[in-house]
Amino acid sequence: MLSCRDVTEIATEFTEGKLAFRRRMALQLHLAMCGGCRRFVDQLRTTAVLLRQIPAPEGTPASQQDLAGKYANWVRAAGGKAASAGQQEEGQ
Amino acid sequence: MLYFLLSLVSLAALAAAKSALDEAQLLQGLRSRDEAAFAGLVRTYHGSLVRLARQYVASDAAAEEVAQDTWMALLNGIDRFEERSSLKTWLFRVLINRAKSRGVRDQRVTAHVDIDAMADAASVSADQFDGRGMWRSPPAAWGNPEQLLGDHQLVALIQAELVQLPPQQCRVVTLRDVEGLDAAEVCELLQISEENQRVLLHRGRARLRQAIARHLTEGASC
């Protein structure tokens, strides 16, 4: 028989689909009878959904400028490399 | 409640499919030296890269630097880049490697990251259970999910609590829940076992659940 405390420890194993059959059945049975644990499992899921709402930090103007500069350098260098590689092929 | 969550999940799947399509286009653009494609990729991922880097290195400036190095690695490897993994996971992998060596230099990465799976052992504090392990005080209701999702103060609180988690828990929760990667990707990126990943995820989510509960019940008593 699972205790409520047990349920709070294996809840993520359950939501990740990693509980073995017997253990899963025992948990389902417990959840069917225990509103507190149903709510706990539900709240863990909600926590994950809420985490998804956190926005990524915005890039600063300085960082955008840095990256634009690096990109321009790369295009110059990579363009040069591609051109010289083409010449080599022609030479062969 | 369950139905609502399921519909959110399918929305996320739809968004993922759409972003995979956009991503292929942007990569193609990058190969043909289209500056707008680069800007588009940076807009999509740079914030995530800086945020993850910050979990390894000691300052915002160092995190920004590591993220920029990662972009240069993509540009320099773009003609050889194969879309076997998603671009996002590829970027994260390169970023973590760089951030780690940078973190070692700055002495931010220390031994405790390995043991934080064991840290703070209970998912719910022991005093909420009676002697037989049954709820003494069951969790209180949180109100309806639509309302929670629109609560910017709550999201800000979760964001603040997230970075307070032990480092490895914070990384797993960030990659799984904030960034939406799957378990296998996170195991590979952090080089941890599946079980370890699950324990870290559980500890992290349980701790955040507690913080949310505290916030919502405090709010109710005001």
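Guide: Two residues are in contact here if their C-beta atoms, placed from the backbone, lie within 7 Å. Keep in mind that this is a predicted model.

Visitor: Which residues does B:Ala53 touch, leaving out those up to four places away in sequence?

Guide: By that cut-off, B:Ala53 touches B:Ala63, B:Val66, B:Ala67, B:Leu95 and B:Ala99. B:Ala53 also belongs to the largest nonpolar core, which has 53 residues. Together with B:Leu49, B:Ala67 and B:Leu95, B:Ala53 touches the most other members. Helix 2 of chain B gives the largest share of this core, eight residues.

Visitor: What makes up the contact between helix 2 of chain B and helix 3 of chain B?

Guide: From helix 2 of chain B come residues including B:His46, B:Leu49 and B:Ala53, and they meet residues of helix 3 of chain B, among them B:Ala63, B:Ala67 and B:Trp71. By class, this contact has eight nonpolar, two polar and three charged residues.

Visitor: How many residues of chain B are in contact with chain A?

Guide: There are 48, and they meet 38 residues of chain A. Helix 2 (35-54) and helix 3 (60-77) of chain B are among the elements giving two or more residues to that side. Its classes are 30 nonpolar, nine polar and nine charged.

Methods: Residues numbered from 1 in each chain as written. Chains lettered and ligands numbered in written order. Predicted model: local features only at pLDDT ≥ 70, side-chain atom pairs only at ≥ 80, totals over all residues. Helix = DSSP H or I, 4+ residues; strand = E, 2+ residues; numbered from the N terminus. Nonpolar A, V, L, I, M, F, W, Y, C, P; charged D, E, K, R; others polar. Core = buried A, V, L, I, M, F, W, Y, C linked by C-beta atoms within 7 Å. Buried ≥ 20, exposed ≤ 12 C-beta atoms within 10 Å, placed from the backbone.
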